[in-house]
Each structure stands twice: as structure tokens, then as C-alpha cells.
Amino acid sequence: MRAFEYASPTSIADAVKALGGSGSSAALAGGTDLISRMKDDIVRPARVVYVKGIPELSGIRVEGSVVTLGAATRLVDLVQHAALAELAPAVRQAALEVGSPQIRNMATLGGNLCQRPCDWYFRNGFGLLGGRKQGRNLVRELEGEYAPIDVEETAHLVRDGDNRYAAIFMTDGDALYAHSSSLAPPLIALGATATLVGPDGERTVPVAELYRIPQSAGESELTLRPGELLTQVRFTAGPRNATYEVRQKQSHDWPLVLCSVALTMDGDRVSKASVVLGSVAPIPYRAEAAERAITGHVVSTETAEAAGQAAVEGAKPLSMNGYKVTLTRTAVKRALLAAVGQRYWEG
Amino acid sequence: MAEWPQNPRLISTEIPRVDGLGKASGRTKYPSDVHPEGMLFAAMLYSPHAHARIKKIDTSRAERIPGVRAIHLLAQEGATLRYQGDDIAAVAADTEEIARDGVRAIEVEYEVLPHVATESQAMAEGAPRVNPRGNVQKGRAQINGDPDAAIETADAVIEGEYSVPVITHVCLETHGLTVRWDSDRTITAWSSTQNVMGVSQELGGAFNIPPTNVTTLTEVMGGGFGSKFSADSWGIAAAELAKKTGKPVRLFLDRAQEHMAAGNRPSATGKIRLGAAKDGKLVAMIAQTHGTGGVARGAGFPLPYVYAVPHSRREHSDVFLNGGNARAMRAPGHPEGCCLMEAAMDDLAEKLGVDPLEMRLKNLPEGDFKTPIYEAEIRLGAEAIGWSKRKPRGQAEGRGPIRIGYGMGLHTWGGGGAQDKQVSCIINPDGSVELRSATQDIGTGARTILAIIAAEVLGLEVDQIHSNIGNSSFPPGQASGGSTTTPSMAPPALNAATQARDELFRRVGRAINEDPAGMSLAGGKLLINGKEAMSFAEACRKLGMMPISVTAGFSEGLTSSGVGGCQFAEVEVDLETGVVRVKKIVAVQDSGLILDMLTWRSQVYGGVIGGLNYALFEERVMDPTTGLFLNPDMELYKLAGASDIPEIEVIAYHTPEMRARGVIGVGEPPTISTAAAIGNAVSNAIGVRVPRWPMTPMNVLNALAQVS
């Protein structure tokens, strides 16, 4: 790890000032993602700004049906909050399955939303677009470590390489990593907004708009502007909601596919559906076809299955990850059934 | 010569390991925890390329960093780097952080060379050569009988292609040592090794000093699994840095280089035709196999395995590629051979409509002493797992998308000891007792085992014996490999303790004018003609100023070799996700006379957990384009956590006949058949063979998709 300046502000204003100073900066909360990226030399912030010491950044507030979550709220606190479990089981379930108990004791909501992709090409220094090329030379973004290697001009590390965990949707472009925030899908499904405070003041955007598909080398998938800090997330509870994560291990592991749903009901029928997938596209992926398929129906094994099938229409898996199409179908079905308290098997 | 006691007080009971509390509480110092006065930290620069030549290397910028004390080059200009992680240089500095800054400041100009990082790249026509003699090196075919004619006579033949990936040892304590020059011709090395004597020999050889001038200390160590026999290039580099700076130097690999350069278990792929008669009796096997040990040879494995195959032909090729070289890994070759053989056995049983358990019983080698042992073990295991609940493949029960499956596998191993090792037993006038030997505890409980033996002989409690191992200056002890430590060290320990006891009787007898023939030791007392005469400590005081010190070696009749064992798995597989949950493993194991039931069971648990990781999670992933190791971590290189561990039922096959065989090692056998049993259980659950390990959602769903 390289040397860096360290700031430990106690107010949002001071944090924004520190983040916005000259040179690169990064906000540090639990550190479970940032520190390992710094150790691996994937990021080299000149200044690290510790934000967990800012009191108003942490905490869960429920006022009527409006839920406000401080960005520095730890995942373990999301898991253990009784009212949140009642109103937003989709959020609780997603938080519960992140990492290990040790990680959930350190990691925060904001950190999970702003973590960088868990993609082995990115984590090996090849960026988010399958490797930057200068002519026929592939460049590794680790300073002083890598001589360019000769590759075909059409070479794409993810498309040509081991893409078992990569995206299956939106795969026409160069960004083929799978977006790996577990908390983005449930919050997007619930229509949450995020508050960002930066040098130019405060703005509120839908959580979905925190993300974009990077188009050029070095561009981030996060839309946060330089010096901006995510301070809180807010949503209005009401819809029935659930998250289903397919993961290989029971202990510390990343989701293979995650699906969150939020259903507004009209009696037994779904009048409005929101179905959001994680780990299947370079951004949290809204499965509109699944939303259309379930809307107007009673959620049953059959209708959930049909929605799962609708969700994967248009999927364009890569050479190795066709199996994630099956996982997606399953995750959508199970999340829908979970939202209405149904399981189609016991035990 | 001594014999194992007929009615032991301690041996074969459950004795907690003597260093357990220190380890569990964190008090025990591992070699990587040892920080001698003035110590420098060293870090390695290793190849960022799969294949490259060093054109130029400039350390001047690194040398100028304040706190950087010395740099040692392991590769010179012009040298070829053969895989990502190959050694280049080591930097010693005041802190670990400065050492890493120093590593980053070394400027290397590389000429990048074409690579082959996957087996298919290596085996392709016209592929760049890793080995001048070619990337695919075919061994001599092993032929038994007339397989081509015989297989034509079989009632059923299956043809399958099965594969297991390269995995790495993932020692929790990475490879390395802390080394100090005590004079210009003497060294002390605190090494994380399974071979203290070997490390001394290598360091002595590297610096042209007698190995006896190098004291290697390994009080405890954090796992080796076959990868820590050597001082290694980085160990010698640390000693060079220590010599240059005149200060102790600590050099332990980082996790990434540990994965890349510190050894691995080779992959194995087999195209197997296996034929049997209607009744399940095997007729012939024809197999083409290959595997890769990276830039090194060593991907061989036994096949056919365990079962009697009257006619067989097996052709094997070693595939060379730009990956770290293989090293011995817990039961080298056997897990690979077991997975391939047992998968083919199950597929053939399925085709014949024979219960796979019956099929196995039918094909045990006739007349082999192990056959009745296997038969008994299979009965015990089948009972414990509930084999009668097993349904034929494709008819598995379950609920919703969950299917329950059962599978099994058999394994074999040697586990005999060496006959040239020694243990000293010292009885001091103050009543303290010490054992000494230049062996070490790789985790099996070697220290405890030796103490149990001495305590048994001397009528003392285990904690009254100071079991002193992990020091190369002691009498020659066994390197911990091949499940040989206990069978090599137990006989000399028994002989040394027995001879020391007899010497005690003689000298006490002389002092108090009693006949030694009437003396015995029990309950911490000296007995004369069965009557309590004095405490053990009092008896020792009769020694005056002169301790007893006896060094003894091997004798016949205390050990044996050759074990069997079987494992059974119960799994649940989700047909819609391909996720496999192992519910239960039953491990039945024989290994002659068991000295400590607790440490023995711990070996079996550890073996099963290693096998479960092999079955479900572990896989080295290489990138074809860059040739890099994509998951050199403990995150995307997946390993079971506590919640992934199922119920494990360990059954010791420890009959009077087994006890009479004497001591046999158990470190390796229980890790062999776990992955085979789990693979067969998955196939039983889902109705199709998953031909590729590990049993990931990808591999399971791909196998299901093949049939639908």
C-alpha cells in the first residue's frame, strides 16, 4: 500500500471539504473493499477520509412509512433492526448475506453501494472494459509493474477469458463485469433515493442513478462527482418485498445472482412490480419483462416461473456463464414467491 | 526390544494435544511471529508475467528509499521468468511497508514472451514451448494383460471423460522463515517447515557451512500439506539479506505469491473406458490421462485405483504450461486417481443396474490382506450413512427442486515409517523428563504423541513430559511427509523411554541396594516388587548429579504399512441453482495401532474438510490472454467456511488385529476419497454425471443442461 494523507472529520461539511481538496481522495467507512483495493494497488488515493466518525451519517430512522438509512450505518445494524425487518425484508436479507459476520460488523450501507466490482480482471488491474489497449498492446494499470503484452486488436479479456462470473445482460459493449453490490437491487426495487453532498451542495437522485456503464478506460461505474459523499438513502415502505440470493458457499461468498422484488398489491394481485437483479449486468439490472409478466397476476409458482422466464429473455451470456441464465430465472421466481410469503417446497 | 503395552493406560485413549491451549489462545509463537532483536522485514518482487525475459533490472531507486537496507536478486538480467509469481528479487527494510515500497521501486524491463497458461493452450498444435522437449510429454504405456480383446467381451462398457482442476495448498501460514547469522559460520532459522533437518542442510549447502552450524527451529507451523520440505529460494534469499545487513531478516511470502509459486496439486483429466461383466465384475480398462504440474513434471497419479482390473492399458502425459510448479500435496496423486476411478465405477454400476456398493465389494483384489478390511469398513460406513435410503440414479428423493443423493469411494495409502530416526530420552535428577528429536509437528500432534509414549512407559502423566521437537540440532528425526512422522518417531520414542527407564532402575537399584528386576513405575511412583517405594521424583534424586540420557532408534514389530478406508457422502442438490450442500460425510479409516484417539480423529476431520474443498470449491483459474492467475486470494479462490462444513462421522477401524499391526500414519489417507464420494453423491442426486470437479453451480448446471 502506498502512503496517503488521512483525515478524520466529525461533520459532513468537513468531510466534503477533505474529499474535495487537491489530489485524489477516497471515503473510508468499514474499509472492507477500499483497503484491499489499496493493498492491491488498484486505487491509490492521495487522501483517505474516514467518515464513520460523523454522527449524523449513521443510524436508521423510521417515520411513518418513510425509512431513512445513514450511509455509514453498518450492515449488522441493518440486519438487527426490528422495524426494518418488518418494512424492508428485501434490504435485511441482502445485508444478511454479505460477506461474513466480521465483514458485516465493519462494512456499511454506503460502502456496499459504492464498492467497486468484484471482478477478477478489474482486481488484477485491467479496468472495467476488458483491458485497455494501445494498438495491439494490452496495458495493466499497475504502475511500474507490467510491460504491455501483444494481443489481437479485437481482444477482450472478459469475452475471451474466464467469464464464469461476468454479466449476462447488456453484454454488447465492453463493460462485461457483473455489478456486485448486494444492497443496490433491494433499494432500487423499493424506489429509494440517495442523498449526495459535495462541493456544490446537496442533491438527491434515485439509487439506480448512482450507476452507469463506463464507456472509456478509467471511467468509473459510479456517478458520484469528485468530492461527493453519499450521506443517506431514503425510501417509502409499503410494497411487499424480498431478496433471493444464489450463492455457492454458505459462509463468506459473493452472490452469483441476486434478485430483489417490490410488489404493490391490489388484493391478491400485483398492481405494480419492481424486479431488480444484481450480479448479472454492469449495473443493477431492472427486469422489466418480468415486471410486466407478474403485474396483474396473483403470485403463484406458475406466474413466478413465467416471470422468471420473461426475465431472461434477451439475455446474452458469454462463453462460460450460460448457467447464470438458469440462476436468474430461479432467483426471480424465488424472490417473487418469498415476497408473498410462499415457498414451493418445505424445509 | 520394546513392545507396545498390551493394556495401555494412555495409548489409544483421548489425550488433548499438549500445545492445544497455546495455539487456541494465540500465545504460541509461530515462525512468522518470531521477531528477534533488530529484525528486518523482507518482501519479494515476483514476475508479473506468465512468461518473460528480464532485459534490464535497476535497483538504484529502491536502494535510495530510507529504511531499505539490502536488496538481493534471485534472477539476473537475461533470466527467463516462467510463470506469474516466479522469483525476481527480495528487499529487506526496517518495516514491512518500506520493504514493499522498495519492491515497487525496483525497475525491471521485460521482454514479454508468448505463454501457454491453460491446458488447452499448452496442448494446441504449434503452441509456444514451455519445455524444450514439448509441452506434452507422454510416458510409457502401462499395460496389463490384453485390454483391447478383453473389453470386447464385457457385457457393459462406459466411456467417460472426468477431470479435476489444479488446486493449491493454501497454507494458513505462508512459506518463509526468519533467519539470523549468529557468527559468520553459524545460522539460526525459524522456519515454517515440515522438514527442519532439510532446511538446515539446504541453508548450509547454500553458504558452504556444515549443516550442523545451521539450527532450524519450528516449534509449531501453520500448515504445509507437502509444500514445505525446502528452505526454498526465498529462504536462501532471506539468509543472503541477513548476511549482507548483519541483522536478522524475516521473509514470508504474500498470499498471492504463496498461491502462484509455493506449489500446487496437479490437475488430472482422464478419458476412461471401463468394462464389466453382467454381475459387476470388472473386465478391462483403457485410459488416456493427462495433467499439469505447471513448469514441472509430477502430474502422474495411480490408475486403475484400489480395484482389481484384470486387463488394462493406461497412457499418461504430463502437460507443461506457464504456471507455478507442482509440489507434493497431501496424498500426492491419490485424490486425482480416486476421483477418476470412482466416477467410472459408479457410471458403470449405473449402466449395469448394480448397486455401486456391491460393485465395489465384487472388485476388491482377491487374496489381498486389505480386502477383508475394506469389506468390514464398507459395512460400517454404509450403516452410518444410511446407504439403504439411497435410490438408483435419477430416482432420488427430495422436496421441491432439492434432490438427496448418496455416494461413496475407497482409498489406499502406505503410511509406513523410516527406520533410521532417533529420539533421546533424558531423565533429570529433579524428576523432569525430556524427549528430543529433530522432527516437527506439521499439525498431526507429533509432540503429544511422543509425550504419550514416554508417559506410558514411565508411569507419568502426559504433561510431565517435555516433548522437545522442531529443532534440527536434536537427534535425526523424520521429515513430515507421506504420513510417516508418527510411524517413524513412535518406535524410537518407545525404545528411548524404555531404555531410559531401565537405566533408572539400574542406577536407583545401585544407590539403594535393590534388585532392578523387581522395579516398576506407575502413578508417578517407583514400585519395588509391586509395592510403592518412593515417588518418581525421589527416585530421580538418587541419580545424583548425572542425568540419564538415552538415544534410541527403530526396532522391528512396532509399525506396519498399508491402509485402506472408505468414505460416504450424503448431499442435497438444488436442481434449479446447481448449489450442492453436503449434509454428512462418514469416514471409516484403519491405520494400525492408534496412539491418541483425539489427534487421530483430528487428522481425519482435517482430511475430510480438505477433500470437501476439493469436491466443491477449489480451483486455480488461469487467464488465457494474459497467462495470469486470476484468483490468487482466499475470496474467489473458494474455501469452505465453518458453515459449509457438514456433520462428519469418523469411524476408527481399530480392531485387535489392527492394533497388533503397530503404528501407521494417518495424515493423508482420509483426504483421498472425499471428493470422489461427494461427486458420486451429486450424480446420484441429480441423475447425471458431473464430469468436472469442483461441483460448482456452473459445472452442475452444465451437466444438467447436457441431458435436457
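Predicted model: local features only at pLDDT ≥ 70, side-chain atom pairs only at ≥ 80, totals over all residues.
Local features need pLDDT of at least 70 and side-chain atom pairs count only at pLDDT 80 or more, while totals for chains, interfaces and linings use all residues; side-chain values use heavy atoms, with hydrogens and water left out. Residues are numbered from 1 along each chain as its sequence is written, and chains are lettered from A in the order in which they are written.

The second largest pocket holds about 1,100 Å³ of space. A pocket here is an open set of points on a 1 Å grid over the protein atoms alone, where a 1.4 Å probe fits, with protein on both sides within 12 Å along at least five of seven lines; lining residues have an atom within 4 Å of a point. The volume is the space filled by probe spheres set on the points, which are joined across faces, edges and corners. The lining has 36 residues, and R164(A), M320(A), S163(B), E619(B) and R692(B) lie nearest the centre. Helix α18(B) gives the largest share of this lining, six residues. Helices (H or I, at least four residues) and strands (E, at least two) are DSSP runs, numbered from the N terminus.

In chain B, strand β21 (residues 423–427) pairs with strand β22 (residues 433–436) in the antiparallel sense over four bridges; pairing requires that DSSP finds at least two bridges. Within this hairpin of β21(B) and β22(B), five residues separate the strands, and G431(B) in the turn has a positive phi of about 90°. Strand β22(B) also runs parallel to β23(B) (residues 465–468), joined by four bridges, with E434(B) opposite H466(B).

Elsewhere, the structure holds five aromatic pairs over all chains. One of them, F169(A) with Y285(A), is stacked at 4.2 Å centre to centre and 10° between the planes. Rings of Phe, Tyr and Trp (its six-membered ring) pair if their centres lie within 6.5 Å, and planes under 30 degrees apart count as stacked. Because F169(A) lies in the loop between α9 and α10 of chain A and Y285(A) in strand β15 of chain A, the pair ties together parts that are 116 residues apart in sequence. Both F169(A) and Y285(A) are buried, that is, under 20% relative accessible area (1.4 Å probe, protein chains only).

Most peptide bonds are trans. The bond from L303(B) to P304(B) is cis, with omega near -5°, and P304(B) lies in the loop between β17 and β18 of chain B.

Methods: Phe/Tyr/Trp six-rings, centres within 6.5 Å; stacked < 30°, edge-to-face > 60°. Buried < 20%, exposed > 50% of the residue type's maximum accessible area, 1.4 Å probe, protein only.
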